[in-house]
Amino acid sequence: ALASHPLPTSPTSMVGLQPALETVSSLVELTNLASIPGARVLYHIDRVLVCMIREVLRQNEPDGNMTVWMGRLLFEGQAMCRAQAAAMGGNAVLHYNVQQCNVNNIAGKQRVYSVLIISG
């Protein structure tokens, strides 16, 4: 997680007010760039690494569509990455990268296995 703060534009932005907990993860920027345009990196906190392993029965999935299921898997991985960065006190994840994303659809067993590794 990296602390990247927007350039100050008003006196209140320099105070560093803490937002409500339910909005913290939505305030964490996720980018594959080395910096966020219009912001500067004040300090590097630590590296974020999220590993997800999931097994799902296909009949338990309401959609049954692998595209929708894959999109939901990636969105949940991004949300976990944002939450981990927020828990460490950061507000941005730079160099966001999906390092591994394997999905195995075993038709005979009606199961879907997936591995997702995200870092930043």
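**Figure 1. Helix α1 in the predicted model.** Helix α1 comprises residues 66-87, a run of 22 residues. From its first C-alpha to its last, the helix reaches 31 Å, close to the 32 Å expected at 1.5 Å a residue. Beyond α1 comes Gly89, whose phi is positive, near 95°.

**Figure 2. The buried residues of α1 and the strands that cover them.** Trp69, Leu73, Gly77, Cys81, Ala85 and Ala86 are the buried residues of this helix. Their cover includes strands β2 (29-30), β4 (49-57), β5, β6 and β7.

**Figure 3. The open sheet with strand order β4-β7-β6.** Three strands form this sheet, and their pairing is antiparallel. The edge strands are β4 and β6, each of which pairs on one side only. From one strand to the next, the twist averages 5°. Helix α1 packs on the sheet, where it touches β4, β6 and β7. The direction of α1 makes about 145° with that of β4. Between β4 and β7, the antiparallel pairing extends over nine bridges.

**Figure 4. The largest nonpolar core.** This core has 16 residues. Those that touch the most other members are Val48, Val50, Cys81, Val93 and Ile118. Strand β4, helix α1 and strand β7 each supply at least two residues of the core. The most is given by α1, with five residues. Cys81 is also listed among the buried residues of α1. Around Ile118, leaving aside neighbours within four places in sequence, the contacts are Val48, Leu49, Val50, Gly77, Gln78, Cys81, Tyr96, Asn97 and Val98.

**Figure 5. Ser114 in strand β7.** Ser114 has a relative accessible area of 3%, and it is therefore classed as buried, the limit being under 20%. Not counting residues up to four places away in sequence, Ser114 touches Met52, Ile53, Arg54, Trp69, Leu73, Asn102 and Val103.

**Figure 6. Ser119 and its surroundings.** Ser119 lies in strand β7, which spans residues 111-119. The residue counts as buried because its relative accessibility is 1%, where buried means under 20%. A polar contact of 2.8 Å joins the side chain of Ser119 to that of Gln99. Residues up to four places away in sequence being left out, Ser119 touches Arg47, Val48, Leu49, His95, Tyr96, Asn97 and Gln99. Several of these residues, including Val48, Leu49, Tyr96 and Asn97, are also in contact with Ile118.

**Figure 7. His95 in the loop between β5 and β6.** The loop that holds His95 runs between β5 (92-93) and β6 (97-106). His95 has a positive phi of about 60°, although the residue is not a glycine. With a relative accessible area of 48%, His95 is partly exposed, because this value falls between the limits of 20% and 50%. His95 is one of the residues touched by Ser119, which is itself buried.

Note on methods:
Residues are numbered from 1 along each chain as its sequence is written. This is a predicted model: local features need pLDDT of at least 70, side-chain atom pairs count only at pLDDT 80 or more; totals for chains, interfaces and linings use all residues. Side-chain values use heavy atoms; hydrogens and water are left out. Helices (H or I, at least four residues) and strands (E, at least two) are DSSP runs, numbered from the N terminus. Buried means under 20% relative accessible area, exposed over 50%, partly exposed in between (1.4 Å probe, protein chains only). A polar contact is a pair of N or O atoms within 3.5 Å; within protein, one must be able to donate a hydrogen and the other to accept it, and residues adjacent in sequence count only if both atoms are side-chain atoms. Contact means heavy atoms within 4.5 Å. The expected span of a helix is 1.5 Å times one less than its number of residues. A nonpolar core is a set of buried Ala, Val, Leu, Ile, Met, Phe, Trp, Tyr and Cys residues joined through side-chain atoms within 4.5 Å. Two strands pair if DSSP finds at least two bridges between them. Axes are lines fitted to C-alpha atoms, for helices over the stretch in contact, and angles run from 0 to 180 degrees between N-to-C directions.
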